[in-house]
Amino acid sequence: MRELEELRGFRHEVGPIRPPSEGGSCSLLLRVVRNCPWSLCKFCYGKPYGRGKFSLRTVEEVKEEVERMGRVVELLREKGEEVWGLLSSLPGESRGALHHLLSWFSSGSRTVFLQDADVLLMPTPRLAEILEEVRRRLGEMERITCYARGRSLFRRSVEELRRLREAGLSRLHVGLESGDQEVLERMNKGLTPQEVVEGGRKAREAGLELSLYYILGLGGEERWEAHARNTARVLNEVDPEFVRVRRLVPLKGTPLFREWREGSFRLQSPHAELRELRLLVEELEFSGRLCFDHFANPFYLTPGGPRWVFDRGYGGYRFPSEREEVLKRIEEGLEREEALYVSSASLSVLETL
Ligand code: SF4
C-alpha cells in the first residue's frame, strides 16, 4: 500500500530530555530549538544536551515534521493494525520515530512537549505558528508544554505570552533552582530571583501554568537556610501551579562536581536536606502542588528495597491542605537512621540524571 510505503522514510528529530511529568508514551516530543543557549549553570553545564551549540530550528522544518506526523495519525485512524504491523520491517531510525508516534497515539494523544532547553527564545510569531500547526494537524489536546529559561520568560511581555497561550501553549517548566540571589550567583545561573517573580507573574497573567523547579541542597552546608527561606519567598510571590523538588547531585564533568571534590562546596547530609526542606515547607504560603517526582529525591534502603520519603506522583501534595502530610513525612524521615539513606554524594557517580 502506497501510504504505508511512505512510512519507510518517516523521521522526526527528538532532543535528549524532557521533564518526567511530561514523560513516557503520553507526551509527543517535538524539537523546536536545539540544546541550551546558556550551558553555564555549575550543577548542569548543559551536559544533558552534550554541551551542544544552541540553535533555532526553522518554522518550515518543524511544520513539515508536524505535517508528516499528521499524515501518520490519519493513517492510524483509518488502518491502525496495518501501521503497527509495519513497524518491525522499518529501518532503525524510522522504526524509533514511528514507535514514538504510535505510542503517543495509542495512549490517547493527550500532550505535546516542545524541546529543548529554552523554547521561548524562538520569536513569538514563529512559535505561535508552530503551535497552531500542531493543533491543526494533530488535533486538540490536554496540554502543550515546554522548558523556558527564567530570563527568557522575564523578557517576554504579557501580550506575547497571551498570544502563545491562545496558540495552544499551556504550561512552562522553568528552573528557579533557588530564590536566593547569592546561591544563584555562585551557581552561575544567569538569573535573578526578581526576574523569576516578574516573569512568573506575567505567565500567570497570560493564563499559562507554571512548573518551577527547586534544587534541594543547592545552598550547600553554608547557605542552606537563606536558600530555603528565599526560595519560599519567591514561590509565595509567584504562586505557581507546581513546585518540583530536585535533589542536588553533583554530576561528573560539571564545575560543581569539581568544587565539591576540591572541598570548596560542601554537600548537605541526608538529614540536613530534610531539615532544609522542613524550613521551606513551613514558610511556603502558596496554593499549588509540591511534587517530588524524581528518583533522586530523598530515599533510604530497607531489606525490602529502596523507600522514598515522599510520594513520587506527578501531582504531588496540594498546598496548603497537605502541608501537614509533608511535614509528617519529613519528621518520619528524620527519625530514620541517617546511615540508611542513599546520599547525594553516593549518586554522584552519575553523569546525568
Ligand atoms: S540548568 Fe538549564 S539553563 Fe542551566 S545549563 Fe542546564 S539546561 Fe542550561
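Analyst: Helices (H or I, at least four residues) and strands (E, at least two) are DSSP runs, numbered from the N terminus. This is a predicted model, in which local features need pLDDT of at least 70 and side-chain atom pairs count only at pLDDT 80 or more, while totals for chains, interfaces and linings use all residues. Residues are numbered from 1 along each chain as its sequence is written, and side-chain values use heavy atoms, with hydrogens and water left out.

User: How is helix 8 placed against strand 6 and strand 7?

Analyst: Helix 8 (residues 193-205) lies across strand 6 (171-177) and strand 7 (209-216), at about 150° to strand 7; contact means heavy atoms within 4.5 Å, and the angle, on a scale from 0 to 180 degrees, is taken between N-to-C directions of axes fitted to C-alpha atoms, for helices over the stretch in contact.

User: What makes strand 1 and strand 12 edge strands?

Analyst: Eight strands form an open sheet of mixed pairing, in the order 1-4-5-6-7-8-9-12, and strand 1 (27-31) and strand 12 (317-318) each pair on one side only.

User: Why are strand 4 and strand 5 called paired?

Analyst: Pairing needs at least two DSSP bridges, and four join strand 4 (residues 111-115) to strand 5 (residues 143-148), so the two parallel strands qualify. Within strand 5, Cys146 stands opposite Leu114.

User: What makes the bond from Gln115 to Asp116 cis?

Analyst: Its omega is near 0°, and Asp116 belongs to the loop between strand 4 and helix 4 (124-138). Phe319 and Pro320 are also joined by a cis peptide bond, with omega about 0°, and Pro320 is in the loop between strand 12 and helix 12 (323-335).

User: Which residues are around the ligand?

Analyst: They are Cys36, Ser39, Leu40, Cys41, Phe43, Cys44, Gly46, Tyr49, Arg149 and Lys189, since such a residue has a heavy atom within 4 Å of the molecule. This shell divides into six nonpolar, two polar and two charged residues, where Ala, Val, Leu, Ile, Met, Phe, Trp, Tyr, Cys and Pro count as nonpolar, Asp, Glu, Lys and Arg as charged, and the others, Gly among them, as polar.
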